[in-house]
Amino acid sequence: MIEYIRGEVAELTPALAVVEAGGVGYGLNISLNTYSALQKAGREAKVYVYEAIREDAHVLFGFSSKREREMFELLITVSGVGANTARMALSGMTVGELCAAISTGNAKLIQGIKGIGKMTAQRIIVDLRDKIVALGIADEIPAGGSVQAPVNNAVRDEAVAALTMLGFSPAPTQKVVVAILQEQPSLPVEQVVKLALKQIK
C-alpha cells in the first residue's frame with residue numbers, strides 16, 4: 001500500500017498530477033482543492049494516496065491532506081458514490097464545507113454536485129453524519145456543528161438562494177448563514193442576508 005508520495009510535481013492539471021519520485025512518475029487523479037494546494041506548494045510536494053485496484057485498472061488518487069483522503073474514503077462507502085463522484089464532491093466543496101452540509105442535513109447543497117441525485121445525497125447524510133464526527137473530520141464545522149443546534153431550514157434556504165443570486169458561491173455562503181442562524185435563530189431572512197454580506201469573503 002502506498003501511503004504518500006513525496007517528490008517533484010512534473011505535471012499538473014486540474015484533474016491530474018504527475019509526481020516524480022525515485023525516477024518514477026506517478027499519475028494521480030486529484031480534486032480541485034488538491035490542485036490549488038499543489039499550485040501553492042511549488043515544485044516539491046507530499047501527496048497522500050488512495051489506491052483503487054480493479055480488474056481492468058490500477059488507479060491512484062492523490063490528496064493534499066490526510067483529512068481530504070479520509071473524507072474521500074468515507075464518501076466511497078456510500079452506495080451510489082464511486083471514486084470519480086467522490087473526487088467531484090471534493091472539487092465542488094472543501095472538506096469543511098462538505099461536513100457542514102452533511103451535519104446540517106442540507107441534501108439540496110450536496111445535490112448540486114455533478115453525479116449526485118436526491119436519493120444519493122440523502123444516503124450521504126444518513127450514512128456519514130455520525131462518522132465525520134467520530135473520525136474528527138467535522139472539526140471545521142462552525143460552532144461545533146448544527147446537529148445540536150438546528151436552524152430554521154426555510155430561512156436558511158431562502159438566505160442562501162438570495163446570496164447565490166448575488167453571485168456568491170453556495171458552499172461558503174451556506175456555512176456563514178448556518179453560523180449566523182445558530183447564534184440568532186429568530187432572525188428574518190433579510191437580516192441574515194445583511195449579516196452574511198459582511199462576513200462572506
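This is a short tour of the structure, one selection at a time.

**Whole chain.** Show everything as a cartoon first; the model is a predicted one. The protein has nine helices and five strands. Followed along the sequence, they come in the pattern β-β-β-α-β-β-α-α-α-α-α-α-α-α. The radius of gyration is 18 Å, close to the 17 Å that the globule rule gives for 201 residues, so the protein is as compact as a globular protein of that length. Along the principal axes, the C-alpha atoms fill a box of roughly 60 × 35 × 25 Å. Of the 201 residues, 44% are buried. Among contacts with a separation of 6 or more, 54% are between residues 24 or more positions apart.

**Strands β1, β4 and β5.** Select residues 4–12, which are strand β1, and then residues 44–53, which are β4. These two strands run antiparallel and are joined by five bridges. To see one of the pairs, pick Ile5, whose bridge partner in β4 is Val47. Tyr50 has Phe61 in β5 as its bridge partner.

**Helix α2.** Next select residues 66–75 and show the side chains. Which residues of helix α2 are buried? They are Glu68, Arg69, Met71, Phe72, Leu74 and Leu75. An α-helix has 3.6 residues a turn, so residues three or four places apart point the same way.

**Asn106.** Move on to the loop between α4 and α5, where Asn106 sits. Is Asn106 buried or exposed? Its relative accessible area is 4%, and buried means under 20%, so Asn106 is buried. Leaving aside neighbours within four places in sequence, Asn106 is in contact with Ala101, Ile125, Arg156 and Gln174.

**The largest pocket.** The largest pocket holds about 280 Å³ of space. It is lined by 15 residues, and the closest to its centre are Lys108, Leu109, Val160, Pro170 and Ala171. Select α5 (107–111), α7 (153–165) and α8 (170–183), the elements that give two or more residues to this lining. The most come from α7, with four residues. By type, the lining of the largest pocket has seven nonpolar, six polar and two charged residues.

Key:
Residues are numbered from 1 along each chain as its sequence is written. This is a predicted model: local features need pLDDT of at least 70, side-chain atom pairs count only at pLDDT 80 or more; totals for chains, interfaces and linings use all residues. Side-chain values use heavy atoms; hydrogens and water are left out. Buried means under 20% relative accessible area, exposed over 50%, partly exposed in between (1.4 Å probe, protein chains only). Contact means heavy atoms within 4.5 Å. On a 1 Å grid over the protein atoms alone, a cavity is a set of points where a 1.4 Å probe fits but cannot get out, and a pocket is an open set with protein on both sides within 12 Å along at least five of seven lines; lining residues have an atom within 4 Å of a point. Grid points are joined across faces, edges and corners, and a volume is the space filled by probe spheres set on the points. Ala, Val, Leu, Ile, Met, Phe, Trp, Tyr, Cys and Pro count as nonpolar, Asp, Glu, Lys and Arg as charged, and the others, Gly among them, as polar. Two strands pair if DSSP finds at least two bridges between them. The radius of gyration is taken over C-alpha atoms; the globule rule is 2.2 Å times the number of residues to the power 0.38.
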